[in-house]
Structure formats: C-alpha cells, structure tokens
Amino acid sequence: MKTYFSQCVATDNMTAEDYTPVSLKDCIEKTRQALEIAYAGFDNAVEFDMIDSYIYQINALQKRYKHLTDLASLEAAPDPEKSYKHSTVRALVSHVLG
C-alpha cells in the first residue's frame with residue numbers, strides 16, 4: 001500500500017480550524033462509525049499484517065466506545081436528591097391515581 005503526502009502553501013484564504021467543543025453524543029456516534037469501518041476493513045483484509053492491524057484498531061475502538069458510554073451513563077444518572085424515595089410501584093400508583 002502506497003501512501004502519498006502533499007504539501008500546500010499557506011495563504012490568507014485558508015480557514016481556521018474549528019475548536020468548538022464536541023458533545024459526548026457526537027463522540028459516541030463517530031466512534032461507532034469508526035468501529036463499523038474497522039469491522040468492514042477486517043472483513044476484507046487478506047494480508048496477515050492488515051488483519052492484525054484491524055484487530056488492534058477494533059480493540060482500541062471498543063475500549064473507547066465503552067469508556068464513552070460509561071461517561072454518558074454517569075452524565076445521565078438521575079440526581080438521588082430529586083428521585084422518588086418510595087418504591088417504584090408506589091410511585092406508579094400515585095402517578096396514575098393522582
């Protein structure tokens with residue numbers, strides 16, 4: 001596999017990079033897409049080195065995906081102070097019956 005590099009001359013017309021913060025949901029979605037691409041590459045790889053490369057890439061992406069989903073579950077965890085302190089059945093009954 002050949003890799004090509006190109007050089008570009010900096011001009012005043014070049015746009016600045018976007019440094020806006022990325023949401024956790026966007027990170028999870030991009031990681032999921034990268035994982036799908038890595039699985040597709042693994043399915044089509046025929047050389048041993050490429051197979052090994054995709055295995056390492058898939059393992060790394062799986063760990064990243066798990067870390068991001070763990071962060072999302074912590075972020076979405078309800079505040080214990082605001083949660084209903086009685087049983088879930090009692091909460092449902094009181095919600096239905098008023």
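## Helices and the model

Helices here are DSSP runs of H or I with at least four residues, numbered from the N terminus. The model is predicted. Helix 2 covers residues 48–75 and contains both Lys66 and Asp70. Helix 1 covers residues 24–44 and contains both Glu29 and Arg32.

## Salt bridges overall

Side chains of opposite charge can pair when their charged atoms come close. Across the whole structure, three salt bridges are found.

Glu29, Arg32 and Glu36 are linked in a network of salt bridges.

Arg32 and Glu36 are separated by about one helical turn because they are four residues apart in helix 1.

Arg32, with a relative accessible area of 30%, is partly exposed. Glu36 is at 47%, so Glu36 counts as partly exposed; the cut-off for exposed is over 50%.

## The pair in helix 2

Lys66 and Asp70 form a salt bridge through their side chains, with an N to O distance of 3.0 Å. Both residues belong to helix 2, and they are four residues apart, about one turn of the helix. Asp70 has a relative accessible area of 35% and is partly exposed.

Is Thr31 buried or exposed? Its relative accessibility is 3%, so Thr31 counts as buried, the cut-off for buried being under 20%. Thr31 lies in helix 1.

Which residues does Thr31 contact, leaving aside its neighbours within four places in sequence? They are Leu61, Arg64, Tyr65 and Leu68. With Arg64 there is also a polar contact, in which the side chains of Thr31 and Arg64 are joined at 3.2 Å.

Definitions and conventions
Residues are numbered from 1 along each chain as its sequence is written. This is a predicted model: local features need pLDDT of at least 70, side-chain atom pairs count only at pLDDT 80 or more; totals for chains, interfaces and linings use all residues. Side-chain values use heavy atoms; hydrogens and water are left out. A salt bridge is a side-chain nitrogen of Lys or Arg within 4 Å of a carboxyl oxygen of Asp or Glu. Helices (H or I, at least four residues) and strands (E, at least two) are DSSP runs, numbered from the N terminus. Buried means under 20% relative accessible area, exposed over 50%, partly exposed in between (1.4 Å probe, protein chains only). A polar contact is a pair of N or O atoms within 3.5 Å; within protein, one must be able to donate a hydrogen and the other to accept it, and residues adjacent in sequence count only if both atoms are side-chain atoms. Contact means heavy atoms within 4.5 Å.
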